[in-house]
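Here is a friendly set of reading notes to go with the model on your screen. Please keep the 3D view open and click along as you read.

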Amino acid sequence: MTQQYKQAVTDWNAKQQFTLFGTCQFMFKSNRTIEDRKKAVKRFWNAVDRTIYTAKEIATEGKRVERIVYLEQGRSRDYVHFHFFCKANNPTQLKTLINTTQHFWNNKVEDTQPLDIKLNQNSDYRDGYGIKEYEAICFDDNRNFKTEISNEQIFVECCHLT
């Protein structure tokens with residue numbers, strides 16, 4: 001069942017033909033809570049949207065950068081970070097989107113590692129990347145390995161799909 005879910009999400013991502021893939025990470029020694037990290041990513045995407053689209057387009061037409069955002073906790077379940085796939089509508093928007101995401105993440109969000117953003121090409125085989133931790137090996141309270149199913153892969157509050 002787990003493998004079928006992962007394959008379905010991977011296939012869906014591939015069909016969307018997202019233009020970019022990015023990773024938003026915080027410093028390893030960051031004291032930010034998971035809730036604070038989520039808020040930072042929401043603010044980040046709102047700032048990106050406001051740069052790409054006008055306030056009127058966002059408010060009246062509901063325009064946003066088309067994207068899906070994944071939350072990951074890392075193998076040890078204590079390193080919350082985010083991956084995203086997003087689309088640019090044309091080459092000019094692609095350049096603006098790359099510059100805008102880098103600017104806001106690297107300069108306006110505190111306590112972060114540099115944004116890792118790449119063109120998303122079919123040959124890169126990263127369509128399943130956002131759900132790679134659906135089933136994670138982690139530790140229980142006695143430091144024994146256990147398998148845990150996570151239901152928090154898709155960070156719905158930050159996603160925008162047309």
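1. **What you are looking at.** This is a predicted model, in which local features need pLDDT of at least 70 and side-chain atom pairs count only at pLDDT 80 or more, while totals for chains, interfaces and linings use all residues. Residues are numbered from 1 along each chain as its sequence is written, and side-chain values use heavy atoms, with hydrogens and water left out.

2. **Overall layout.** The chain has four helices and six strands, named as DSSP runs numbered from the N terminus (helices are H or I with at least four residues, strands E with at least two). Their order along the sequence is α-β-α-α-β-β-α-β-β-β. Of the 162 residues in the chain, 45% are buried; here buried means under 20% relative accessible area, exposed over 50% and partly exposed in between, with a 1.4 Å probe and protein chains only. Among contacts (heavy atoms within 4.5 Å) with a separation of 6 or more, 67% join residues 24 or more positions apart.

3. **The largest core.** Which residues touch the most other members of the largest nonpolar core? They are Trp45 and Phe82, in a core of 28 residues. A nonpolar core is a set of buried Ala, Val, Leu, Ile, Met, Phe, Trp, Tyr and Cys residues joined through side-chain atoms within 4.5 Å. At least two residues of this core come from each of strand S1 (20–24), helix H2 (34–52), strand S2 (67–72), strand S3 (81–86) and helix H4 (91–108). H2 gives the largest share, seven residues.

4. **Where H2 meets H4.** Two packed helices are described by the angle between their axes and the distance between the axes. For H2 and H4 the angle is about 145° and the axes are 10 Å apart; axes are lines fitted to C-alpha atoms, for helices over the stretch in contact, and angles run from 0 to 180 degrees between N-to-C directions. From H2 the contact uses Val41, Phe44, Trp45, Ala47, Val48, Thr51 and Ile52, and from H4 it uses Gln93, Thr96, Leu97, Thr100, Thr101, Phe104 and Trp105. By class, this contact has nine nonpolar, five polar and no charged residues. In that count Ala, Val, Leu, Ile, Met, Phe, Trp, Tyr, Cys and Pro are nonpolar, Asp, Glu, Lys and Arg are charged, and the others, Gly among them, are polar.

5. **Trp45 and its rings.** Beyond its neighbours within four places in sequence, Trp45 contacts Val65, Arg67, Val69, Phe84, Cys86, Thr101 and Cys158. The structure holds nine aromatic pairs, counted when rings of Phe, Tyr and Trp (its six-membered ring) have centres within 6.5 Å; planes under 30 degrees apart are stacked, over 60 edge-to-face and the rest tilted. Trp45 and Phe84 have ring centres 4.9 Å apart and planes at 90°, so this pair is edge-to-face. Trp45 is in helix H2 and Phe84 in strand S3, so the pair ties together parts 39 residues apart in sequence. Both Trp45 and Phe84 are buried. Phe26, Phe44, Trp45, Phe84 and Trp105 form one aromatic cluster.

6. **A pair between strands.** The rings of Tyr70 and Phe85 lie with centres 6.3 Å apart and planes at 85°, so they too count as edge-to-face. Tyr70 belongs to strand S2 and Phe85 to strand S3, so the pair ties together parts 15 residues apart in sequence. Tyr70 and Phe85 are both buried.

7. **Two backbone spots to check.** Most residues other than glycine have a negative phi. Gln17, although not a glycine, has a positive phi of about 55°. Gln17 sits in the loop between helix H1 (2–16) and S1, and is exposed at 64% relative accessibility. Asp111, also not a glycine, has a positive phi of about 70°. Asp111 is in the loop between H4 and strand S4 (116–119), and is partly exposed at 34% relative accessibility.

8. **A link across the sequence.** Leu119, in strand S4, is partly exposed at 41% relative accessibility. How many residues apart in sequence are Leu119 and Leu20? They are 99 residues apart, with 4.6 Å between their C-alpha atoms.
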